[in-house]
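Please look over the sequence and the structure shown below before reading on.

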Protein chains: 2
Amino acid sequence: MIIIGERINGTRGNIKEAIEKKNKEFIKKEIKKQIECGAHYIDLNAGIGKGKEREKEDIKWLIECLYEVGEIPVCIDSSDPDVIEFGLSFIKTSDKMINSINGESKKIERLLPIIKKYPESKIICLTMDEKGIPSDYKKRLQIAEKLIEILNGIGVKNENIFVDPLVEPISVNYENGIIFLKVLKEIKKLNIKTTCGLSNISFGLPNRKIINKYFLSFCIYEGLDSVIVDPTISDIREAICISEMLTGKDEFCMNYIKNVRNRNF
Amino acid sequence: MIIIGERINGTRGNIKEAIEKKNKEFIKKEIKKQIECGAHYIDLNAGIGKGKEREKEDIKWLIECLYEVGEIPVCIDSSDPDVIEFGLSFIKTSDKMINSINGESKKIERLLPIIKKYPESKIICLTMDEKGIPSDYKKRLQIAEKLIEILNGIGVKNENIFVDPLVEPISVNYENGIIFLKVLKEIKKLNIKTTCGLSNISFGLPNRKIINKYFLSFCIYEGLDSVIVDPTISDIREAICISEMLTGKDEFCMNYIKNVRNRNF
């Protein structure tokens, strides 16, 4: 399970403040915490709602902070392709992720030349387009298939394509959990990697962390390859470790026993 | 999810003691606790290792204790068909379970006439025979199919047949979890009900309760109909409630919200 640490996001109050005040130590501490808790990639999102030029400046600064901690793989995260392009130019490692492309024609058109420049990048593909997230799971699959074809066409290998079937709240439609898992299962059949964020599933309900961890365990059961989460939450580490063991991915239960010994959850 | 409360079992120290001392109040308290925590059936196992005649006397006494609490459905549990036959004669409700039959020829021969007398009973069928539990999942399925055919032949309806694919420890073979879930999935395709005990999965590992609850959630995801558990464990109630919600079985998440309000886990 590839863990993408989600904490460095300009929409979160304390991160926004740290970006505004250029509080390097705070950001570096946030990065270190996530790495210590098992993050393989650090998602960097510099969007604090002050426009494109400011976001470009801030993403560069976040990358600088990160490299003061170490040469850690970045998951560069912006809704603006210009910010992604600018940020990518400062990334030193060939191992990196682009978060994200989706089925919108304009987005595809603008992002394809950027992706072409970094053919070894991993690309997160959201199953949505101009009309939003389709409620019909077959339409989500169609968007995924279209994106896979386009990305394959410019030389991106299947192993670098991470489709996100997009989690929606069960408080809105109580079948949203199984709809997501159905799309996930279908995408796995395409021999493509998968990823997702979790927390949307529990939106509007009490005790969200507990719901998120069970949902993560179902995703792992269906073969989810990567997850965008806060790895400092011990429930998340618990769900990953135990679900991998119960699905036969932990030979002799060694990883579980090590985690229990280290009081990791 | 049908919950069979497993606490009244003569192999457990405090239950054995209560049976020996004919401590009715203790047994009644144990029954009440399980009902309050959501048990639909109370498993009664009077086996304290003192022979058949003693077990018969004790199962009768346990049933008497139970009826002092209320007319609660019993899951009568013994490895000795004579004890099952004797116990059944004291059960007042038509809704009851027999725990259990398996693929052993002698057992089938002895239990069939008993089951014939109670055609409305639910029957738990273990996927094992004279040679023990087959490691090959297809052989477990074959035993299940044989038992279903035999039971159908004497008029037992599919809806009353509960196949238990038999959980084995992952500490012995780290693929035992997925082997079980594979058999479960195949049995569900036969349009038959399923049940199981959980705790074997975590045998030999630390923090067993936490493993059991994730495993239960996977079983629910695959459609397990019934489970033999200790419902007084809040982790078990949590796993059932949240897994049912996440698999689309809790309309408008009403049951979850009610459980959170009642601080049920």
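## A threonine in a loop

A polar atom of the side chain of A:T93 lies 2.9 Å from the backbone oxygen of A:D95, which falls under the term polar contact, meaning a pair of N or O atoms within 3.5 Å, where within protein one atom must be able to donate a hydrogen and the other to accept it, and where residues adjacent in sequence count only if both atoms are side-chain atoms. A:T93 is found in the loop between α4 (81–88) and β4 (97–102) of chain A, where helices (H or I, at least four residues) and strands (E, at least two) are DSSP runs numbered from the N terminus.

With a relative accessible area of 12%, A:T93 is buried; the term buried means under 20% relative accessible area, exposed means over 50%, and partly exposed covers what is in between, with a 1.4 Å probe and protein chains only. If its neighbours within four places in sequence are left aside, A:T93 is in contact with A:Y67, A:E71 and A:P73, contact being heavy atoms within 4.5 Å.

## How to read the model

This is a predicted model, in which local features need pLDDT of at least 70 and side-chain atom pairs count only at pLDDT 80 or more, while totals for chains, interfaces and linings use all residues. Residues are numbered from 1 along each chain as its sequence is written, chains are lettered from A and ligands numbered from 1 in the order in which they are written, and side-chain values use heavy atoms, with hydrogens and water left out.

## The sheet of chain A

In chain A, an open sheet of 8 strands has the order β7-β6-β5-β4-β3-β2-β1-β8, with parallel pairing; two strands pair if DSSP finds at least two bridges between them. At the edges stand β7 (193–194) and β8 of chain A, each with a single partner strand, so one side of each is left without a neighbour in the sheet.

Strand β1 (residues 2–5) of chain A is joined to β8(A) by 4 bridges, and the two run parallel, with A:I3 standing opposite A:V227 in β8(A). β1(A) also pairs in the parallel sense with strand β2 (residues 41–44) of chain A, over 2 bridges, and here the bridge partner of A:I4 in β2(A) is A:Y41.

In a regular strand the side chains alternate between the two faces of the sheet. Which residues of strand β8 (residues 226–229) of chain A are buried on one side, and which on the other? A:S226 and A:I228 are buried on one side, and A:V227 and A:V229 on the other, and both faces of the strand are covered.

## The sheet of chain B

Chain B has an open sheet of 8 strands in the order β7-β6-β5-β4-β3-β2-β1-β8, and the pairing is parallel. Its edge strands are β7 (193–194) and β8 (226–229) of chain B, each of which pairs on one side only. Further in, strand β3 (residues 74–77) and strand β4 (residues 97–102) of chain B pair in the parallel sense over 3 bridges, and B:C75 stands opposite B:M97 in β4(B).

## Backbone exceptions

Most residues other than glycine have a negative phi, and most peptide bonds are trans. The peptide bond from A:N99 to A:S100 is cis, with omega near 15°, and A:S100 lies in strand β4 of chain A. In chain B, a cis peptide bond joins B:N99 and B:S100, with omega about 20°, and B:S100 has its place in strand β4 of chain B.

A:L166 is not a glycine, although it has a positive phi of about 65°. A:L166 is found in the loop between β6 (161–164) and α7 of chain A, and at 12% relative accessibility it counts as buried. B:N191, which is not a glycine either, has a positive phi of about 65°; B:N191 is found in the loop between α7 (176–189) and β7 of chain B and is exposed, with a relative accessible area of 59%.

## Where the chains meet

The contact takes 36 residues from chain A and 36 residues from chain B. Across this interface the rule finds 0 salt bridges, a salt bridge being a side-chain nitrogen of Lys or Arg within 4 Å of a carboxyl oxygen of Asp or Glu.
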